[in-house]
Structures are given as C-alpha cells and as structure tokens.
Amino acid sequence: VEAIVGGAVERLPPLRRDADRGRVVLSVRNLKREPRVLGASFDLHQGEVLGLGGLVGAGRSEPVRLIYGADRPDSGSMTLDGELFLPTTPAAAVRAGLGLVPEERRTEGLLLTKSVAFNVSLANLNSLLSSAMLPFISFRKRRSMTEETIRELAIKARSPDELAGRLSGGNQQKVVIGRWLQAAPKVLILDEPTRGVDIGARGEIHRLIREFAGNGMAGLVISSEPDELPDLCDRVLVMAEGRIVRELAGEGVTRSSIIEASYASKEERIPA
C-alpha cells in the first residue's frame, strides 16, 4: 500500500471511547418524512463523533437532508443548543451553526472551475470583508486563510489560485472539510467522507475528523462502509428501512456488530 500511495500511510491509534459525553448540541425527536424516514430520534453531544450506518438504501442520508433544511419533515422536532431548530433552507441551517460535507463533492461540494481560495472562502465571507462598512471581499485575507488551510490540512495544491477541479479526489475533499473548519460550525455533518479517495488521504481525513471533535465540535458521519465507522465514531446508529434499529456504543462498535444489525430481521431489531 505504501508503494502504491508513494509514502507512509497514516495509522491512527485505537479510538478511546470515553463514556463521559459533553452537553447535547443537537437533539432530534421522531423525525419523519415518508416513505424514507419513518421516525429518527437521537442526541449528538459536544466533542462526539456519531455515526449513521446501514445498507445502501437503508435511509442514512435522508435524515441529514431534513436536519440541514434541504427537505421539510412531515413531523418531529429538533433542538440546537437547547433552542427549537427547524431550518427551512440549507442557508438557514448554516446561519444556525451547521456545516455539511456532501456525498457528491464534485457536484454539490465544490465549484470545480473556481480556485481553491474561492472554494475555501464560501462559508467564511463575513470574516473576509474589507471592512464592516463595505461589502467587498479582501483578497489578502482570503489568500491568507487559504494558505493556512492548505498548510494545516496538507492539501497538495501548487497555490491558492489553483483550480479545484485539478486536484486529486482526496485533496478536493480536504478543501471542502477545510472550508468548514475555518467556519467552525457547532455541528459538522460528513456524508461518505472518504468515498473515492485513496488510502493515504483516507487516513488524513480520519485524523482531521478526530481533531475537530477533540476541539469540541460535534460530528455526524454517514458511511456505508462498516470498516470506517469503528475507526471514527464514539457511537453508531444503524438504520434499516428508514428507522434507527440499533445503537452501538463503547466496545460494541465493531464491523461485525454493524453488519449484524444491518441485516437483522424485524424480530431481532432493537429500536434506539
């Protein structure tokens, strides 16, 4: 593998799952949008990485669309930092303190014909204004922010002006993640965060996710890969047929337990 990727592959130490959780940042109760979401309830804590797993078609991404304001729920409720939360658009969700790394980064997460600097700045425009009185972006501030992101995330780009479409898949994904790390949202949602990236970039992205959680941000990771979730998550919720059917925590978060819950019959399922 090291010969294929051209260098050492980052290996993270085993995840230490602390039973003591921080305060609840996002609370979801009985969220429904038939026929794909038939009742989702969970709490996401500060500094926690919570996984959503299950088979393809189990309805993992659909609750995220409701949380992020892309779809409207039929019923249910949410709170963010203890206050009622019901975004009607993704822009409203971003203003409230949510960020999203979408599954399809090339069509939903990036403007490929724009520069790395342009893409990094998209969620940070207010901090890049030349002054509070003038609605103009400071290109000096934007370049400085992008250089910091390239350096901290080890993005392989020749300069902040390089087009995002010319980067490899792993570096494109790090640009999207870097955008949100600069914005510092309360909750960062990552849908299939390592799909289509090489094994070297995968380790780097895992490290970034762990680091932002260690700094107090809450993370919600959606993945169809049962090998990925145990490496990243403090807890995992397994979905089947639009419902959360099992909660795995502590030493119970394993590849085999995720697969077993995904394939469990209706009689064997344990609602979260």
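Two strands pair if DSSP finds at least two bridges between them. Strands (E, at least two residues) and helices (H or I, at least four) are DSSP runs, numbered from the N terminus. This is a predicted model: local features need pLDDT of at least 70, side-chain atom pairs count only at pLDDT 80 or more, and totals for chains, interfaces and linings use all residues. Residues are numbered from 1 along each chain as its sequence is written, and side-chain values use heavy atoms, without hydrogens or water.

**Strand pairing**
- S4 and S5 form a hairpin with 2 residues between them. In its turn, Asp81 has a positive phi of about 55°.
- S4 (residues 75-80) also pairs with S1 (residues 24-33), antiparallel, over 5 bridges.
- Leu26 has Leu80 of S4 as its bridge partner.
- S5 (residues 83-84) runs antiparallel to S4, joined by 2 bridges. Thr79 bridges to Leu84 in S5.

**Nonpolar core**
- A nonpolar core is a set of buried Ala, Val, Leu, Ile, Met, Phe, Trp, Tyr and Cys residues joined through side-chain atoms within 4.5 Å.
- The largest one holds 67 residues; Ile67, Leu98, Val187, Ile189 and Leu220 touch the most other members.
- Helix H8 (residues 199-214) supplies the largest share of this core, 6 residues.
- Ile189 touches residues including Val64, Ile67, Leu98 and Leu220, beyond four places in sequence. Contact means heavy atoms within 4.5 Å.

**Leu44**
- Leu44 lies in strand S2 (residues 37-45).
- Leu44 counts as buried because its relative accessibility is 0%. Buried means under 20% relative accessible area, exposed over 50%, partly exposed in between (1.4 Å probe, protein chains only).
- Its C-alpha atom is 6.9 Å from that of Ala218, 174 residues apart along the chain.
- Beyond four places in sequence, contacts of Leu44 include Leu26, Val187, Ala218 and Leu220.
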